[in-house]
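Subject: Structure handover

Hello,

Here is the structure I said I would pass on. My notes on it follow below.

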Amino acid sequence: MKSFVKIFGAFLILLGVGAPAHAELTIDVSKGIEVGGIPISIAPFGGGAPEDIAGIIASDLKRTGKFTPQPQDARADYSVTGQANAGGPRGYVVQFRLAGAQGGQLLNLSFDTPPNQLRPVAHRISDLIYEKLTGEKGLAGTKIAFVTAGGGFWVLVVADADGTNPKVILRSRQPIMSPYWSPDGSRLAYVSFEGRRPQIVVQEVYTGARRVVSAAPGINGAPSWAPNGQRLAFTLSKDGNPEIYAMDLGSQNPIRLTNSNAIDTEPVWLADGSIVFTSDRGGSPQLYRIGPGGGAAQRLTFEGDYNAKPTVSPDGRYIAMVHRRNGRFYIAALDMKTRQFRVLTSGGLDESPSFAPNGRMIIYSNGQRMNAVSVDGAVKQDFALPGRVRDPAWAPFGR
Amino acid sequence: MQYVLRTLIAAASLALLASCASTGENTETTTADTATQQGVADPSGQDVQSYPYGQAPDAYDTSGGVAQTSGGQSGQEFSGQGGVVGNTVSADRIIYFDYDSANIRAESRPVIEANSRALASNRRTVTQLEGHTDERGSREYNIALGERRANSVRQYMVGLGVSPQQVRVVSYGEERPAAGGQDEQSYARNRRVEIVY
């Protein structure tokens, strides 16, 4: 059984001469339905709010692959009802109730909110329902950063996890690459080619303030934050070829961690301070691991002829990567516990994987569009956003 | 004509982009001007603009995909799917490479040798070698691969008597393709080093 679910998102792009064009947000959760999403009925919210709160909740829950929203009054294991009425100290009062099949109440909450926060409140409700019924934190309220380009500019965009509400936080006439969120979600490190040379910049998302943290001769690339938020790892080629460095953000003094004649790049941190990175020291690009202070590298990947751009699940269990076999590029995941290696996507030009903060989903670019896949390969999402989406990065929980 | 239309659309969407700050879902509405003032220009004075999240424009231009070439002042456009409009880096300053390779092909030697002779006889001239890759594979690994290509051209030049101080290297990886298509012919045009004076 293969069924595709299309959701026509309320996602508005302004194109050309002002006629608003609607892009559809297409979400394929076929395999999620196959394994049996939990049926949940979500009744339209009364009260006449300017957002379709029930529709947003249904879309959020469907996208997890764990729920199958049902029409009102259909048989379901759980039901959601609610109201969004004008009033209260902030403009609107949103009240909702989650009940089991026998009518037993599981959640009953209300929010005072200004009208422009109705959509975030709907995402918050989705996450409360998801967490109550699955025991893990939901992603509906999280954010995603990505790079796209057009009209002679590169832009760094921060959007909601469903692809709506895009905000251009940086616009440049030179390439922007490799955004990476700080662990508290307040800053983004990225590569900017402003001045026609690569530099690593840290930008405060909520103030727009930015600081160049590395502008060495040669490559300044692939920044990633240490779990404690105090250090960055990145790639410099100032000593002749690309090597991995770590730098205390207070010190401005990068410490070199690798020493090979090959390409070493794309470092990411594990919780214990060790670093996983891409290196072609063995002939083809593969993932390796070094200790917090460098030292001997241990090879982690052996499948296929190309494994690069690691991203680590928040619990450290999985490392997802770009994987090539027979000339096609896939997203694959290595289970660090069982050493099982699993190819997750159907392949093509897949690149730039980034783990969601709950470890369930991996967002990536298929060379054209932003996609997401669950770490078991069962749930797939396809986002139709304007422009070619590059380097998507899923923000941590927080704020 | 199509070009004029595209330019008009680009201008219109820029204007829209500016006005969006005041029409977005934000209650913290700002005019385009204040948004610009509140943004932070980059320290080196380049054409880059950041915005606080709460005042950031909520639309961006995706018309016809981007981009100047790497090659100095030259302008070059491509659409998202291909269709190169113009390429002003002349052929005698481009060296092409095989997939996954930084080896100099025999047919590229005359191009490098001609440029090396010019550089060796004019010690004051400084050139920039810009390394590029096709779009396949990881973006940051491609930055490293583009640098490796530029370095192999540089090494060849130095071997021919060019001073190392005359040759700078920068890699753009897959970020500035010469051809926008997703086919072998476009990929072959994108795997290159451009010699920029």
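This is a predicted model: local features need pLDDT of at least 70, side-chain atom pairs count only at pLDDT 80 or more; totals for chains, interfaces and linings use all residues.

A:Asp264 stands opposite A:Ser279 in β22(A). Strand β22 covers residues 275–279 of chain A, and four bridges join it to β21(A), with the two strands running antiparallel.

Both strands belong to an open sheet of four strands in chain A, in the order β21-β22-β23-β24 and with antiparallel pairing. At its edges are β21 (264–269) and β24 (294–299) of chain A, each of which pairs on one side only. From one strand to the next the twist averages 30°.

As for chain A as a whole, it has three helices and 33 strands. Its radius of gyration is 22 Å, close to the 21 Å that the globule rule gives for 399 residues, so chain A is as compact as a globular protein of that length. Along the principal axes, its C-alpha atoms fill a box of roughly 65 × 45 × 40 Å. Of the 399 residues in chain A, 54% are buried. Among contacts in chain A with a separation of 6 or more, 43% are between residues 24 or more positions apart.

The largest nonpolar core has 94 residues, and A:Ala145 and A:Ile362 have the most contacts inside it. Strand β11 (residues 153–160) of chain A gives the largest share of this core, seven residues. A second, separate core has 26 residues, including A:Phe67, A:Ala84, A:Val121 and A:Ile125.

What is A:Ile362 in contact with, leaving aside its neighbours within four places in sequence? The list includes A:Thr311, A:Ala320, A:Ile331, A:Pro353 and A:Phe355, as well as A:Ala372, A:Val373 and A:Val375.

One helix is worth a separate note. Why can helix α2 (residues 53–63) of chain A be called largely enclosed by the rest of the structure? Because 10 of its 11 residues are buried. Among them are A:Ile53, A:Ile56, A:Ile57 and A:Leu61, but also A:Asp60, A:Lys62 and A:Arg63. After α2(A) comes A:Gly65, whose phi is positive, near 80°.

Regards

How values were computed: Residues are numbered from 1 along each chain as its sequence is written. Chains are lettered from A and ligands numbered from 1 in the order in which they are written. Two strands pair if DSSP finds at least two bridges between them. Axes are lines fitted to C-alpha atoms, for helices over the stretch in contact, and angles run from 0 to 180 degrees between N-to-C directions. A residue is buried if 20 or more other C-beta atoms lie within 10 Å of its own, exposed if 12 or fewer, and partly exposed in between; C-beta atoms are placed from the backbone. The radius of gyration is taken over C-alpha atoms; the globule rule is 2.2 Å times the number of residues to the power 0.38. Two residues are in contact if their C-beta atoms, placed from the backbone, lie within 7 Å. A nonpolar core is a set of buried Ala, Val, Leu, Ile, Met, Phe, Trp, Tyr and Cys residues joined through C-beta atoms within 7 Å.
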